[in-house]
Amino acid sequence: MTSPPLGNLELETDSPWGDERSINTRTPPISPPQTDALQSSAGLSSSDSKPSDISSPVSRPLVSKSRSSRRPGQAAVVKLEALDDELGPLGPLGDNFISPEPSPAIIHDQPPKPPHKEPSSKPKRMLYRGDGQLDAVALDEDDEDVGMRRIQGKVPPPVEGPIVPGGARAGPLSQPIEQAAYPTFDIIVGDPHKVGDLTSAHIVYSVRTKTSSMAYKQREFTVTRRYRDFLWLYNQLITNNPGVVVPPPPEKQAVGRFDNNFVESRRAALERMLNKSAAHPILQHDADLKLFLESEAFNVDIKHKEKQATPAAESKGMFGSLGFGGGLTGKFVESDEFFHDRKLYLDALEVQLKALLKAVDTVVAQRKALSDAAGDFASSLSALATVELSRNLSSPLESLSDLQIRIKELHDRQAQQDVLTLGITIDEYIRLISSIKLAFQQRQKAFHTWHAAESEFAKKRGNMEKFRRQGQTQKDRLSQLEAEVAEAERKVNQARVAFEEMGRLMKNELDRFEKEKVEDFKSGVETFLESSVEAQKELIEIWETYLLQMDREEDEALSYQPQGELAPRPPPPPQQD
């Protein structure tokens, strides 16, 4: 229902909407609509609404009281005035509206408010403090805040130390959980000495270990091992951890294996192998590494372990149960671009490292040849000093001979330092590339195992479908075929997961290889340069000391005159023509 035109209204009294009532009482007063000025000027009317105490919006039409009465059908003239309203264009719906306080009568008429719970403190979660009590921590508290609280006096839960056979615990009673999760190892291989007779002679090394791992009975222990024990450990770590790049031991050498320089370089390489294996997040938990480091009856324990060894499927988990020990079957085409690029990179890196190692060997050989030449020179000078009758000549010759002997020793030390700093690092990474290639081969074996399982699954499923097409109704045979198909499908999924997991593991291993390579080569080059600078400084000091000694002896010879010996006469002056 629409209201009559506003032009027919004559307002005379105030209405709840703020307008004026018309003098003509024949038409009831109708309030103007709550719309903007444009809608009012167009003659739009609003629906019936209840009056309210709220004032009208920004602008509203005002009807002039001075206009004359209008004939029916004549258009109404509406005059608009803009009012200064603080409520804004949205009126009571805007942000500037402040609701008036209701009267007490209205308050009593409103329904009661529901009970509201006062805001409590942050919810708490309980953490074990390590001293037998619980510590409350807010649930929305960041881990960094919790870590700061721990640093400021609250420690993580302790880990009890291992119990030795006597009942007492080795080491402290507890340790922080961070230290238990990331144990540290400090392994020193030293004291190489020759044992055995002529036919069974070999070098034995002492392996001293300091660790914070709670898996070991003691914190510090020492055992003796020979070279073949290190080879056994390397092979066991490769077998137990497919896809992991295991640090390899130095290569076996039949000729010159008892030479002092060779024994020292092998000792350093074995020490690096053990420390890197113990620092690896996967290898440090290997049972064979633990057996190698702390077993006092190593050979007996190995034989006992081999006798009680469980099948490969039970002892080696998912990887061992898939039979990676077999040879490669079929051709493998690398489909992963990451591994394809890394293979090419490793092949080129191996070639360059071998060339660099050859150059280092040439430098070492030249230093040794220079050392030998200095030794021959010293021998010749010493022989000449013994036959010389004049003390003024024999003494400098003897001093020069001693100087050449010191230079010979210096060249020997520098050659050995070149091997132990830069040469051993290059040789280690050449062997590490060989270990990476073994990991690639294990990944290929996993791929072939996966596809062999798929072929077996397809064969068994074909047999079951053939059995069903023949219409045979032997339920037992059909149940057996279904079970075989399900088992074959399980093996396919297991082999696929193993292959994918090995790929992810190898990507992490290759990234770790790159980071360690940068650190090791940087450290090796720095040590190489420092040793070279120190050697040159020592050589300069040797020559300067020799020159000072020659000057001192010459001054003593001039100042010392034996009794009865006349001073040499000065030469006569030249005669003038």
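Why does R267 count as buried? R267 has a relative accessibility of 15%, so this residue falls in the buried class (buried is under 20% relative accessible area, exposed over 50%, partly exposed in between, with a 1.4 Å probe and protein chains only). The model is predicted: local features need pLDDT of at least 70, side-chain atom pairs count only at pLDDT 80 or more, and totals for chains, interfaces and linings use all residues. Residues are numbered from 1 along each chain as its sequence is written, and side-chain values use heavy atoms, with hydrogens and water left out.

R267 belongs to helix α6, residues 260-279 (helices are DSSP runs of H or I with at least four residues, strands are runs of E with at least two, and both are numbered from the N terminus). Its side chain makes a polar contact with the side chain of E271 at 3.0 Å (a pair of N or O atoms within 3.5 Å; within protein, one must be able to donate a hydrogen and the other to accept it, and residues adjacent in sequence count only if both atoms are side-chain atoms). Leaving aside residues up to four places away in sequence, R267 touches V189, G190, P192 and Y205 (contact means heavy atoms within 4.5 Å).

The next element is an open sheet of three strands in the order β5-β6-β7, with antiparallel pairing (two strands pair if DSSP finds at least two bridges between them). Its edge strands, β5 (185-195) and β7, each pair on one side only. From one strand to the next the twist averages 20 degrees. Nine bridges link β5 and β6, and H193 stands opposite V204 in β6. Helix α7, residues 287-294, packs on the sheet, touching β5, β6 and β7, and its direction makes about 95 degrees with that of β7 (axes are lines fitted to C-alpha atoms, for helices over the stretch in contact, and angles run from 0 to 180 degrees between N-to-C directions).

Strand β6 (residues 202-211) is joined to β7 by seven bridges, and R208 stands opposite T222 in β7. In a regular strand the side chains alternate between the two faces of the sheet. In β7 (residues 220-226), F221, V223 and R225 form the covered face, while E220, T222, T224 and R226 form the uncovered one.

Elsewhere, two helices pack together. The axes of α5 (residues 227-240) and α8 (residues 298-307) come within 12 Å and cross at roughly 30 degrees. The contact involves D229, W232 and Q236 of α5 with F298, N299, I302 and K305 of α8.
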